[in-house]
Amino acid sequence: MTEAARKEADRLVGRAPDDRRALKGARAYALALEELAPTVGRALAASWRFGSLVADQPRPGEVRLDYVFVAPGVRVPVVLGLSVPPAGVPSIALACPAASWAEREVSDLFGVTFSGSPDPRPLVHHEDWPEGLFPLRAGVNPPLPVERVSGQYPFRHVEGEGVMELRVGPIHAGIIEPGHFRFTAVGETVLGLEVRMFYVHRGVERLAQGRVPAAALAIAERVSGTASVAHSVAAARAMEAALRIEVPAAHALVRSLLLELERLYNHAGDLGNLCAGTALSVALAEGLIIKERLLAMNQALSGSRYLRNLVGLGGVRRAPSSADLDSALTGATAALESVERLANGIFGSATNLERLSGTGLLSPEHVRALGVVGVVARASGVRTDSRVDLAFPTPADSEIYGTLKPATETGADVAARAQVRLAEARESLRLCQGIVTRLADTDPAPPGISDRTGGEGLGWAEGPRGEILTFVRLEAGRVARLRVRSPSRMNWPAIEHAIPGNIVPDFPLINKSFNLSYAGCDL
Amino acid sequence: MLNLIIDALAAGRVTEEVPGPRAGWAAAAVGRFDLASSAPEALRAAIELCPAEAIAVERSGGKAVAVIDDGRCVQCGLCAEGDAAAFKNVHEEPAMGRSAASLRRRFPLEGFEGASLGPDFALDAHDRVSREGARLAEVVLKRFRRSLHVRHLDAGGCNGCDWELNQLQAPQYDVQRFGVDFVASPRHADVLLVTGVMTRNLELALVRTLDAMPRPRLVVAMGACAISGGVFGTSYASRGGADRVVAVDGYLGGCPPRPWAMIRALRMVLE
């Protein structure tokens, strides 16, 4: 089936994969500039999902653009690559809205201009950024701090009788990350929402450049605090593909265990957190108790409450003892029992359920057009999960995940997203049990190694919020380019479409049901 | 709904006693790192691996000193990996103090030849301790002893510190029993608690938030990012620690700091 899908992809692009390109972990084709738009058109018609746009400068003077898609059945990302001078690339955002933010980002960071873009406004840079300064372009090192200029961001503007504008943020009322939201409302009902992000843009991709793999993985681990494992695994897999490192089964299994434990504590915490949006305080407190127990369990297993410092190049840096694994499993099992009781409370209370049902609807059409991933996509009935869509680099994982059926719901509302989280928490515990059993019969081995010091690769992982796609190019044993595509980057634009028609006070609830990471989006 | 309340009552009291400095620590828990080996190659390897530029060898007057800066350390443990590693995990919380410089821990090196290694911390002397806090210490103590209202601001971190702050409200910690309350508006706040690296795009928001706070007020930086920038350091997109932009009264290292350490740090700035 995979082979047939790959042949079909070759037919769609109209050629064999580019054998001069040393990109591993992907099926890469070389395109000419004028072939881009028609090829993307055919790809979208064949249900390819836009994944990422990777800009890179392996040679000065030109920018290489890799359009990364996930095509049904191909099991590795499909890459359409072009080498372009940094001007006049045709925008694909009109046909493929999922690519809009990605094009705007590449414009801001590399100075590539996209012709015919439906939204050419800056994205990463705010209004006081000097024009013509592209911080990821090779050789650009502005004096710090970068000067500020005066400017204004052209927000969308809505006019009409009785229309009010509500501006919220970047600093919000609770302990949460910064971002700016502009609502237009008539009375309590929202007509439209515009989100303005990138307040927490730290330049992560630039910071990883020049680092040795171990240090770059520590940075990747800090892209988004509660997806530390998923981000470091995706980056490690990209490096391992680039350097042709094989990860031994025991190491791959421990990584998968960590990924599922990360999903479990996130989903358990999110279910409790949702109750902050409906003022169900008893359940909120119960959710915090469960999450604290899981965080303490994480620390006992890994040394870190957020499961950091275990993922390394070629495997894991330390193997947990079988006693540690058993007590983690016992803790996870007890936590899930508490989650089930919590869920009975959340879904069993008519007044609470009334707030969740029919709130924050996101249609499957929006999910497909915007390339939405993770829990949010699955709760709108779109079955996309990189644990199923894409192949695992090691056979041990493929066996464990062979039985996985991604949970989906069709309600497309806050309640459906909560139901998907509950189902996935159950599934994560089941997978953990399988992994621990399997680990007992797997010989320990040192991490995989390689003599290579250069190459490029794509890696992926299904984090608690959805698919992460990471590109790495290494040169002389150091990172030359790291490109992270977090799930929140795909899902943030979608929330603008889940809010209209709801009342303003339901925004926090809908936002919590998306559980978007600002840090993961802004990088 | 009724079942939720019954479950909550059946759970009994889950709030934990105020712990001693090492309570609740598993043997594996990442903590702070002390010098384990003076071998130059081990120190060089540690400096190369450290993602946060937290390790240096300083030379002054013929003596060499290894420095590990808990205001930068992200507790990744790369410097403590392997039998010949330069550092070892001592399972203690990272340092806290009233200045960023006080978080740098020094270890004399015996028989170390050669030049300085790693980042030059002297170049990084930004550490702006708030004089306002020092002058008003007595007043502050009197006013805030029983009730401290905290306004949190994420200046651009990974969100890990924020989740730990959120956990302070879990019944196990129940931070409100210490008189600490997180408030929605800076106008109601006594303390501005900053997490995350100071990004370019939030500088103005931080300054305006502080301006909106009544005096006397205190600023506390928690986590490596808010102190030094952590792994994000200084770049086109960020300035490093919060004290590049505002004066800070208290610092707590960690990546992220654990909730009990956060509680102790809040008490420290009041004492």
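Q: How many residue pairs are in polar contact between domain 1 of chain B and domain 2 of chain B, and what makes a pair a polar contact?
A: The count is five residue pairs, both residues at pLDDT 80 or more. A polar contact is a pair of N or O atoms within 3.5 Å; within protein, one must be able to donate a hydrogen and the other to accept it, and residues adjacent in sequence count only if both atoms are side-chain atoms. On the side of domain 1 of chain B that touches domain 2 of chain B there are nine nonpolar, four polar and five charged residues (nonpolar: Ala, Val, Leu, Ile, Met, Phe, Trp, Tyr, Cys and Pro; charged: Asp, Glu, Lys and Arg; polar: the others, Gly among them).
This is a predicted model, in which local features need pLDDT of at least 70 and side-chain atom pairs count only at pLDDT 80 or more, while totals for chains, interfaces and linings use all residues. Residues are numbered from 1 along each chain as its sequence is written, chains are lettered from A and ligands numbered from 1 in the order in which they are written, and side-chain values use heavy atoms, with hydrogens and water left out.

Q: Where do the two domains of chain B lie in its sequence?
A: Domain 1 covers 33-124 and domain 2 covers 131-270, with bounds from an automatic or database domain assignment. Their centres, taken over C-alpha atoms, are 26 Å apart. Contact (heavy atoms within 4.5 Å) involves 18 residues of domain 1 and 22 residues of domain 2. E93(B), M96(B) and R98(B) supply 38% of the area that domain 1 buries against domain 2, more than any other three residues.

Q: Why is the pair E93(B) and R258(B) called a salt bridge?
A: A salt bridge needs a side-chain nitrogen of Lys or Arg within 4 Å of a carboxyl oxygen of Asp or Glu. The N to O distance between E93(B) and R258(B) is 3.5 Å, so the pair meets the rule.

Q: What makes up the contact between chain B and chain A?
A: Chain B gives 64 residues and chain A gives 70 residues. The two chains bury about 5,600 Å² between them, 59% of it from carbon and sulfur atoms (buried area is the accessible area, 1.4 Å probe, that two parts lose on being put together, summed over both). In chain B, W163(B), R200(B) and Y236(B) lose the most area to chain A, together 16% of what that side buries.

Q: How do you know that E81(B) and R317(A) form a salt bridge?
A: Their closest N and O atoms are 2.5 Å apart, so the pair falls inside the cut-off. Six salt bridges cross between chain B and chain A, and 27 residue pairs are in polar contact.

Q: Why is T209(B) called buried?
A: Buried means under 20% relative accessible area, exposed over 50%, and partly exposed in between (1.4 Å probe, protein chains only). T209(B) has 7%, so T209(B) counts as buried. T209(B) is in helix α6 of chain B (helices, H or I, at least four residues, and strands, E, at least two, are DSSP runs numbered from the N terminus). Beyond residues up to four places away in sequence, T209(B) touches I171(A), R151(B), L153(B), P186(B) and L192(B).
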